[in-house]
Each structure stands twice: as structure tokens, then as C-alpha cells.
Amino acid sequence: MNLNDTNITSDIQLVQELQPIMKKKCHGNRSDQRFRQSCRKRNMDETTITQLIEQRRNDRKRNPTDQAANSTDINKQNMHTKISDISMGHEQSLDKNGNQSRIITTTIKKPNKRKRDAIPNEKPYNVAKSSSQLSFFQTSIKKKKKNNKKQKKNNNNNKKKSRIWRSKIKKTIKNRNHRQSAYLKVSWNTLMNNLKIHLKSPLKKRNEQKFVYARLYLFDEEFTLDLDQYLWQSYLDLGSQQQQQQSEVWPSEVYRMAKTNEPDLCKQYVVEYLNEIKIHLDLCRIKLNTQAQSWISTLPSLEILDDNLKQYVRLQNKHLSTIIDKQLARYKNVLEEKKLLQQISFYLTPNDQEHENLCKGPNYIRMNQSAVVSYKKRKQLTKKEHDKIIKQLKDYLAIYHRIDRTLPIYDIFSENLQQRLDLRYMAPLSMSSRIRAQREKNIVRSIHRKLKKYKHLVRVTDKSGVFCVLRTQDHEQKALEYREKTKAYKELSSNPFEATLNKVIRLLNNLHAKQGKLRAWQYNEMRPNVKTCKLAYMYFNPKTHKDGTPFRPIMHTIDSPTSNISRLLDRLIRPIFNEKTKHTSIIDGAHLIKRLRQYANDGHLRPTTLFCTFDINNLYTMLPQQQSLDILVEFLQTHEKLHVQGMDIATIRELARIVIEENAFVYRNKYYQQIIGGAMGSQFTLTLANIFMWKWEKESICKQLPSFEIYGRYIDDIFFTWNDSQEKLEELLQKLNDHHPNIKLEYKIGQSLPFLDTLTSNNNGVLSTSVYHKPTSEPYVVPFESDHPRHIFRNIIRAALLRAIRYSSTFEAFNTERRNIRLMLLFNRYPSTYIDGEFRTFFNQYGIYDSYSSILPMITDESQFLAIYNRIAPTPTPRQSQVALDIASSQIEHFDQDNNQQNVLPMNPTVQKKERNKKFNNALFLHYTHENRLRPLKRDIHEIYESTFKHTSISNVNLIVGYRNNPKSKTEQIRHKRPHASYRRHDFKPSKYTQFETRNL
């Protein structure tokens, strides 16, 4: 600071001119700094270092010798202080008149480099002082050094003596196999101070300290030996139990110490190690008894002393007990895991979290899946969502409103949409939600690792729709047995993809080249996509509801070369079949109950009336291929369908032939072709199987039943009534079993039988129906914790209540099913208040407003139930409505004789959108991936659309924002079902004979 005030004395001005004030950097107390550096080298934290430095400073203050010495040195220095060592400090302030006044502060400059030896005459302002600057007196330097040397020498001698004493004690009590605990390795003074506090004894005498230390050492050895004995004895007990079950497993520690993997040698090593521990433990207790005889009377009583020392040992070695408990728990988990995996049940591992995750079923969706991926992955997800929405928007506006795809308005919409997507996807989750999302992701990975390690796989059951865990070896054995039993498949030596694709393309080209065989839209629709076409593959679903858990084969034919042909044939022929066989077909359980009620009202239901149900084994795979094609032609000719959508019967047969014969697939990296039956998974196979059964039932059972009896078939399940004796019924069933070599029946006869999901009973001529649950079925629906939109859970409850009302013939039956529904929902984590609210909402729409509780039913009597039943039962189910729509469409003549063009809606998405219902022609559908944290995204898309297209010609277009779900648990858990892409296709180069026609179609 420059001094310009004229009121300052001339001497001070001279000092300022000759020696300008320079602020010297303060290094603090050098002793403290060196102590701080030594502590940091020992990896001590800053908090501990600060506390130690404060303790050192307090010790200095309490030492009067140091204070006197420091004060003497400072006084000597002050005697030699000159005016040149004085510097002035000024602080400006304002007086009452507003003028600047000076506050002068004098400070003493140090004559040497050690700041600790200097002390100011006056207290300077804003200057921090070290602890050495607070002393007042100091002795001579020589005397001080002499005292320090004596003190250090005494301390060193004491340390040497303590080390000698401790070494002598250890030699008398030390066990070579005993590892000294960490708390016994601290300094002697620290250990004695801790013992003084814990024992509440001064321990001033050296013999007392020796006695206590020796006894403490022996108690520590005894404690650690007891822990080792407990651990290895537990190993021996658990291992012996496993040996009795012929599945002996030892911990990795035993294998490492025994240096062998032989179970018998490991057991022998454990026994020997336990004997050695017992010997050392007995020796340690002998030493304790011997030492107790030399107890010192100045110490507490021996019992009290031993109790306190044992408590101190347990306290210091608490971590050892925790480690041993973890080792035993880990060993028990390994044993339990192996036991459960050998028994093959639904329970995969003893890990409760993994078990719970599998119990959530195949339809469960993990919460906020995108929140636990990397930043780069989230950016890719937002880009993908953005591109899909922009494509949907441009396609709709280009097709229906003739708007150019390159207009700048799309850029505005795109930019705003990308900002909102980034905002929603990058927004942080709450701590609890993020922990849950990360935990579920880790659980899925853990299940994958264990499945791979123990060679297991997960499949979805055939009827219950839950997970089933199987050993890979058992799965392959059952698959082999199924192929050998049915003999429906033959193995191929090479990949048949190219040959199959060439046959399909050649057939379509030949048919289209002929006049009147195929129309242009039919040709385009059946033509396979060469770029995306792949070979089909097979997998199996276990039938856990049947004895022995047989397998149902499923063929994945979505991208196969014949999938488009199968899809079109099914769309054309199935409505015809539904129309012509509606009197012998059962659509669903409600349809059967409706027919049974009409049967009873007509007076045909007697007290002796029997019900009979039977199913056909392996219908799909037992269809004779050529005979099925002949029956297809016969069916069309019988019902005078010589042309279907412009295709004649010969063309339909040829297309059906290539679908059923060219059914090649890959399974476990091997190629097969189906030579009997059709692929379960191909759409037209179901229609062909129904037509085959139409021929079978027309020639067999329908001729034997009176006209008033009920006969109905749902694919391969058949139900009919019988008013004759049971003996004649069994004779009829035996004849049906011998009617065709490929059709084998499994039947049940009685007055109370289940069929589909209904239970029908004849109670002395009174029909009784209710909902039927198979004994092996699981009470499973989509869990409430799943990341589905909320309306899905409302629809589940509503559908269950509607089925209960349709199927229940009495109020008691409905009330029983209502309780079952509630228990099922509670089992799937639906909150009780949510269930009550949805029940109340459902019944309120039918005019029932009584008080409702979770215990008592909302419907209190039979009359209320009948009122609701009479309103619901006459209405068709969704399945019945779909079948009626198909039948109605089959009755319309689609063939225009003059123009030779089809009038139905083609499958081409672009053309099909143009012919949609008018209420959808003015609606724009945009979809985004649903997640619980992305729910505001729907509102964001509406806001962006309205702000962007508000004053344009499409402002009147109704925007409908839909959603798509994240992958389900079924997709995440089921592995090794789909073969590698290299086995499903290879680079395909069409020959000149199989090139698609490029003329205008």
C-alpha cells in the first residue's frame, strides 16, 4: 500500500521510502507443517490430521517450560529490534465529516527466517498467528536441547523395555498356528490405555500389565480357535449330508487347502484339521488355568477380570464372526442352489429376488428400462423414436392430404419433437425409482448367468402362460422323443432356404402368367420379400397341465417364404368355413353355455343326460397332407365355392400344397422338413385342420347323434350331449377311435365336466354352469408393478368380472368367482383399494349403488345378479363379434364379373389406409414407446402438433397418440430359442427363371 498522508511523521516517511512494505507469504507453523506431511504419508484423512494438530497445540500451551523458553527468545529479539524492522499497516475509514482517516498498525519484522521465533509488540490486525507465537517465556537453547535429548533417550529406553517384555510374554504363550489379531499389534501404551478404560482398573504396576496382556492374548487365541472349530465343523456336517444324497460339494477354501478335488480326500482333510484345532484349543485352556494361579491381588477378582477380557476380545473380533457367518451362508447357498436345480421346479435359485422376478411372469415389463442405459444409448433411443414419429406424420400427410415431404414445416416439428424427447429421456429419476430399475436389470442379468452356468432354459407353459424352468438335457430328450413318436419330420443334409424360396417364386410367377389364375393384388400380396425372408424355426412349449409334461411344437413362420401365401389363404377361406359350419362349431365358453341353455329350455336336458368331452392328440402334426388337400377341394365343391376372390379351386389347391409341403425349418442348428401334417404357427394350418375335422365328424359322429343333441367342436376339443346308456356311448367312442389311423381320442364321460374354461353340470335335470380353473393353472395376470399403461389393469378386472357373470348360472357361483378374482388380483400385487374402486365402477354402471366393502359382495341377492346377467348375457363376446363379421364378409360377392377386379380391402397398407372408415380418414395416428416416466410425452406431442400446424390446412385433422410397449420379460428371459441368422438364410441370388415380374401390376 502507498502512503500519501501528510500527517504522518517524517521518520515513518523515511522508512517507507527506504524499505517499501512487502507482504511476505505466511507459511504458518513449520513444525505443524512437517507433522501434517508425515501424517499424509501414512494415508491419514484431513479430519484426523486436524484433530492431532489441535491436540499438539493444546499440549504446547499446557507445557510451561516451552512457554518460558519461547518468551525468553522473543524478549531477546525485541531488544535488538530497529526502526527499519517496523512496517506500518493502514486501514482507511470515514470520520463523521466523511473524510478518510488512517488507522496505523505496527508489526515486527522477523530478524530470521523462522516465523515461530517472532512476536509482535502490538497485536496486528488481520494476521493469523501460529501456536508458537503465543508463548511468552523461553529458556536457553542449549539447556532446551539437552532436556530434549534426555527425554528422547528415556522414551527410547521405555519402548525397548516394553518390546522386550512383550516378546518374552509372547514366547511363553505363542501358538504357531494362531494369527495375532490387529488390536494386539498396536503400541503398548495405547493397548494399556484401552484396557484401563475397559477394565476400570489403573494397571500402574508392570507386573499387572504383564499378567493382563498374557491373559488377553490367550483369550484371543481361544476365541479365534473356537470360531475356526465352528466353521470347519459346519463344513463337515453340511458336506456329510450332501454325501448321503450323492451330491457332495465342498467350499472352494477346502479344495484349495486340501489341494485336491476328490470329495473323500476333502472330507478326510476336514476331519484332520478339526482334530488339530481341538489339540491347540485344549493346550490354550491349559495355559489359561496355569496362568490363573499367578493372579495378582491388586487386580479385580479373576472372574470379573476374565469376563471383561472375554467381552473385550469379542468386541475387537466382531468382524471375524461376521466373516465366518458370510462364509457359511455362501456355502449353504451353493448347496441349496444345487439341490433346487437338480429337482427341476419353477424355483430357479434360492435368491428371493430372482425367484420373485420369474414369478412376475412372461408379460411383466421392467419399469423405466431406458433410464438405466448409457447416455449414448439414450441418444440413440430418442433418435429412433423421433424418426418413427416423423415417418408416420409424413406418410399420412402425403397419402391423404397430398403434402410434400420436403416442406420446411416438418423441420420445425422435428426440431421441437427432438427437444422434448431429449428432455424426457434425459430427465433424472428419483432415487427409489432408479434403484428399482437398476436392481431389476441386474436380476435379469443374474438369471441369464445362472441359466448358462447350470445349463438350464426358460420356456412359457402351454396353457397357464407362466415361466417353466427346464434342464437343457431334459428338454432335448423330450424333443427327441416327440420327433421319434410322431415321425413327422425328416432331417435334411443342407440348408433348404434357397430351394424353398425358388419354388415359391416360380409357382407365383407361373400362376400369374396364366390368364385368370391370380390377380395383381393377390400376386403382390403373396410374393415373399427376398431381402427379409428367412427360414422358419421350431421351439417347444411344455404342457404342465398334463401328466409327464409333454411338449407342444410351435413353428415360427412369420418371415418364411410361404408365410404370405398362408396368410392370404386363411383370410379367404376361414370366413367360408365359419359360415358353413356354425351349427357344429363352438366359438367360446359363452357360446357353449348359450346353446346348453337353449337345449335345457327345449326340454332335452333330463336327469340322466350325460355330457361327453374328448380331444384329439397331435391334430396338427397328424394331418395326412395329400388327403387334407383333397378334403379342402371337396369342401369348396360341396358348398359351391368354385371361385374364391377370383381364384379357382385348382389354384387354391396348388397354393395350399406348397404351404403344407414346403415346410422346412431349423432346430438346434439342424435342418428338418415336415412330411406329416402342417406347421403349428402357420395361419392356414388351423383352417386346413378344421376342414379335415369337418370331413371326419360328418362321416363319423354326426351320423350317430340325434338331431336334437348338442355337438360342437373347438379346433381339437369336442363336446356333445348323450341321452342313452353309458355303455352305448363308450362303444361309439371306441368306433370313433378306430375310424381314422391318425385320429386318436382321449374322452371323459359324466354329468359334470369341464370344457374350455366352463364347468357344466347336470343337477337332476337342472343346468348349472360356472367358471372352471384347471388344477395346474396359475392365478396369473399382468402384475400391477408392470410398466403397462394404466388402462390395461382396468380392462383385466372388467374382463374377469364379465366372464364371471356370463358363465355363472347362480348368484352363489358368481360370488365364489368374485372372491377368486379378488385373490388373483391380490396375488399379482393389485392394491386392495384399487380393486375395490374398479369393482365399484363396474357395478355402478348397471345401477347398483349399495355400500360396498372388500369382504361382503356388492351384489347382495339373486335378483340383483339376475338383473345384471340378463343385461350382459345376450350381448356377444368380442370373439363372437369377430366370427360374425367374418361370416358376413363371406356372404358378400367380391367378384366383379365385368371388370374382373376385387372389391375387398387388400392387404397393402397404403391402399388399405385409403379405404378405411371415414372416421379414421381424418385421424392421424402417432406412436411412442411407453414408460412410466415418459407419460408426459403424449401431452408434449399434442402441444407440438397444435403449435406447428395450428394455422394450416390440416389443423382440423384429429391427432391420436398411441403407444408401444418395451420388451416383455418373455423376450428377455427366453434364450436359445431363435437360431442364429446364418442358419436361417444366406445370400440369395435369384436365377433368371425366378426373377419377379417387373411389369405394371
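Modeller: Ground rules come first. This is a predicted model, where local features need pLDDT of at least 70, side-chain atom pairs count only at pLDDT 80 or more, and totals for chains, interfaces and linings use all residues. Residues are numbered from 1 along each chain as its sequence is written, and side-chain values use heavy atoms, with hydrogens and water left out.

Colleague: What is the mean pLDDT of the chain?

Modeller: pLDDT is the predictor's confidence in each residue, from 0 to 100. The chain has a mean of 78. Of its residues, 77% reach 70 or more.

Colleague: Where is confidence lowest, and where highest?

Modeller: Helices (H or I, at least four residues) and strands (E, at least two) are DSSP runs, numbered from the N terminus. Strand S1 (residues 86-94) is lowest, with a mean of 36. Helix H26 (residues 790-807) is highest, at 93. Residues 65-139 have pLDDT below 50. That stretch still makes 125 contacts (heavy atoms within 4.5 Å) beyond near neighbours in sequence. Residues 893-917 are also below 50, with 39 such contacts.

Colleague: Which residue has a positive phi of about 50 degrees although it is not a glycine?

Modeller: Most residues other than glycine have a negative phi. Arginine 668 has the positive value of about 50 degrees. It sits in the loop between strand S11 (664-667) and strand S12 (670-674). Isoleucine 715 also has a positive phi, near 60 degrees. Its loop lies between strand S13 (711-714) and strand S14 (717-722).

Colleague: Why does arginine 668 count as partly exposed?

Modeller: Buried means under 20% relative accessible area, exposed over 50%, partly exposed in between (1.4 Å probe, protein chains only). Arginine 668 counts as partly exposed because its relative accessibility is 32%. Isoleucine 715, at 22%, also counts as partly exposed.
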